[in-house]
Amino acid sequence: MQLDDAISLWRGRAADATLLGASSSLAKDNTRLMLVTSGADVREVCAQTRKCVNHWTFRAGSAHALHVPAVRHPHSRTFFGICGAPGVSASKKARQARRQESNKTAALPANEGLAVWRDTDLDVAKWRRAPLQSSAKAFALLAHPRLREEVLVVFQDGSFATYDEDATRSLHSDDAKDVAVVEEEEEEEEQEETVVWSCLESDHVSPMKGGLFLSLLMQKGEKQHELLVYQVDVPNKSRRQGGVLGAALLVRRRVKLPDNEELSSCAFHPITFSYSFVGRSGTWHMLRFARDALSNSLTLLASQQLPNLTSADADSIIPVHKKRKLQASTSGYLVSGVGGYAYLVSVPKDAPTKYTGWDSKFAVPVASVQINLAAEKDADGEVVVGRSTQDGVGKIVQLMSVGPGEGVLAVFERGIFLIPVLNKNSTLASVLGATASSALDPSGVAAAPALPDSSVEWGNVTATSSVNNDTLDAETWKTNMCSDDDRERQLIADLLDPKVTPTAAEFSSRLNEALKKQKKRKAGDKNGEEVSFRLLQTVTRRCLDSTDLKLWGPLETMLCTNRLSARAEPTLLSTLMQHNQFALLECAIVHLIDIDERAIVRLMKYFIRKSSNSAFIAFATKRIKATNKETEQIDGSAACERFAVALLGLPTNNVFLHRAIRELELEEVLLVLAICKKLLLVHTTGSDEDETTKKDNSLAVMKEERRFTPLPSASRCCAWICALLDAHLSALVQRASQNAEVSRTLHQLEDLVQLQLRASAQYELVHGVLTNFLSGVQLPKAPGIPDYSIEELRL
């Protein structure tokens, strides 16, 4: 998971009304739209262009004013909102209030109505309004793609109902079946229950698959909470054809938070069917269920107390005995899920600029991002609707997921920010926090690891006895054992300080001098390392941060140590590609360890697009002529093939490769398929390079000067071919039907595979014969019987 930089979609002014919330939907051209609701207006903003598409205004507190965030239906494109009931004036409300005061048993009607309008209804007075006829006020208005015509209204007393654009009610919570297993608890006095959180989601990554569930969290008293989970039965037929919505209560579960803890926010994770409950101090409690689709039942699997959300602010580099005490948020936290995935995004209300992404399955932070709440300048040339340069955005109001995990929307009192979410599929490295080491550091530069000297209290070291019963001086022992460490610490400080090493020449000379001295000191130790990992990491990060100095020589020295990790330095490859450092990229492919599948695919895209670059072709020609001076000038395809062969030979995992390879475009897929076909042909024809290259010049990749790594095996080529065909099947089929050359290439590839299959069958026969011959088993011999004899057995 990766949280990209936040995008400011809309910024209000100090005189604007406070936002109630927001909702998202897709336009007909698949652009993302954000519907923002306040007490005085409703506006729709396009996320791609950051322009206001629709805007309606009304007087705050009037009958047309909306009380909860409005929604747009994903199918009918109709807007729904909760406003005052038609025909109910202020004087009538006052008379009802006096009647309620005189008669305590009479329930005061909420006097709310459902407002329905379309894009063309510019006049607010012409909106269709119908009374909801409920004694409780509306809490939320929810829409989902699974509901073809209706929206769902959740009331504050825990009841709910569905309405269509004609304001016709089709389902009410009183009609829901109750199949939940009630916990055995002590009898308590009946208290009024109110809804504090609601969610309408399917239990699948795709919103159109799986079951549809309505989750409500009820609050009884001050600290008692109860979770209700309804399954909404959506018929296959429309309501006009006889389809009827249904609902069933599956879970009624008490939520037990730690003592003296108040609930702050909640989130639902569909893919694991789990609920996260976060307290004001950052405590994280989770309920995880298992769903049986056949019996439509939910079974509680675990009730877990997970690590505190404030643990993401801890500096893991600082030694344990020096870490400061974590300060919990006093205002609480806002959390949100990420589509149908098992991620959780949290933000403290008192510091709403830092957003942390968590993997809820393992309760570890995997990403972090900070947003800039300051207003943008007009000189930037970017369009920000209604922005203001004098006032802030106020407090944070809502944190919600956008679409099927596309991003997270942060809604403030006078502004909204979109945080795109990338790489939503969990990997082992993301769970272990390898990708979060740099992302969680607010400064962007990781601090140097703690030195051994800093964690030892020398004043408390007692004199120890030796074999000769003499005492050992602590200062002498420290000088003898930590002298190298002191020198290296001073060297790291000099290399990191731009004032000490302001130029590339001074940096290189200081580093080379230190490496020579260190090499001489450790010349007798064969197992010793010339460069410590601390120094290795420091030099690498200084080279990447100071690209204006062009410290490419020291960076190449660090790469050649075969100890740099692509996971530990996530900006290494992207920086080299940005500055067109072809030599260092070649060195990184050879010496860098654990290059993941996504980085391999991005490198492949980079070299394919650089095939028309004259500097790239000149570099490849120079490297090839350095090996064989008789080589002629090569073209861009041969230069690209030189690096593509090296990338195809890197180790990959089929699952992660299949997901990463979707980033390739169709033309790039065809080129990689052609290279894989060449490699398969090389493995088929054998290793006679001279005869093969004379017959077919396209197999020049067999020559050693044309490549800087060994040829990838046939199994790796097959893995890439399978991933390419599987990930881009529909596009390849369509292109093959239109282009005869593509169809011919795929047929040639199939002929090569069939040839390999027939050869493998023959090899299998030879393998069986050789196994019997080399097994050492001899034919049985019966003693006392001549070789040629006939025996009769009569019964």
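1. Glu586 is buried, with a relative accessible area of 9%, where buried means under 20% relative accessible area, exposed over 50% and partly exposed in between (1.4 Å probe, protein chains only). This is a predicted model, in which local features need pLDDT of at least 70, side-chain atom pairs count only at pLDDT 80 or more, and totals for chains, interfaces and linings use all residues. Residues are numbered from 1 along each chain as its sequence is written, and side-chain values use heavy atoms, with hydrogens and water left out.

2. Glu586 forms a salt bridge with Arg642, their closest N and O atoms being 3.2 Å apart; the term stands for a side-chain nitrogen of Lys or Arg within 4 Å of a carboxyl oxygen of Asp or Glu. Glu586 belongs to helix α10 and Arg642 to helix α13 (residues 636-648), so the pair ties together parts that are 56 residues apart in sequence. Helices (H or I, at least four residues) and strands (E, at least two) are DSSP runs, numbered from the N terminus.

3. Arg623 also meets Glu586 in a salt bridge, at 2.9 Å from N to O. Because Arg623 lies in helix α12 (residues 614-627) and Glu586 in helix α10 (residues 582-591), this pair ties together parts that are 37 residues apart in sequence.

4. Elsewhere, Arg118 forms a salt bridge with Glu165, with 2.9 Å between the closest N and O atoms. Arg118 is partly exposed at 32% relative accessibility, and Glu165 is likewise partly exposed, at 25%. A network of salt bridges links Arg118, Arg128, Glu165 and Asp166, and the structure holds 27 salt bridges.
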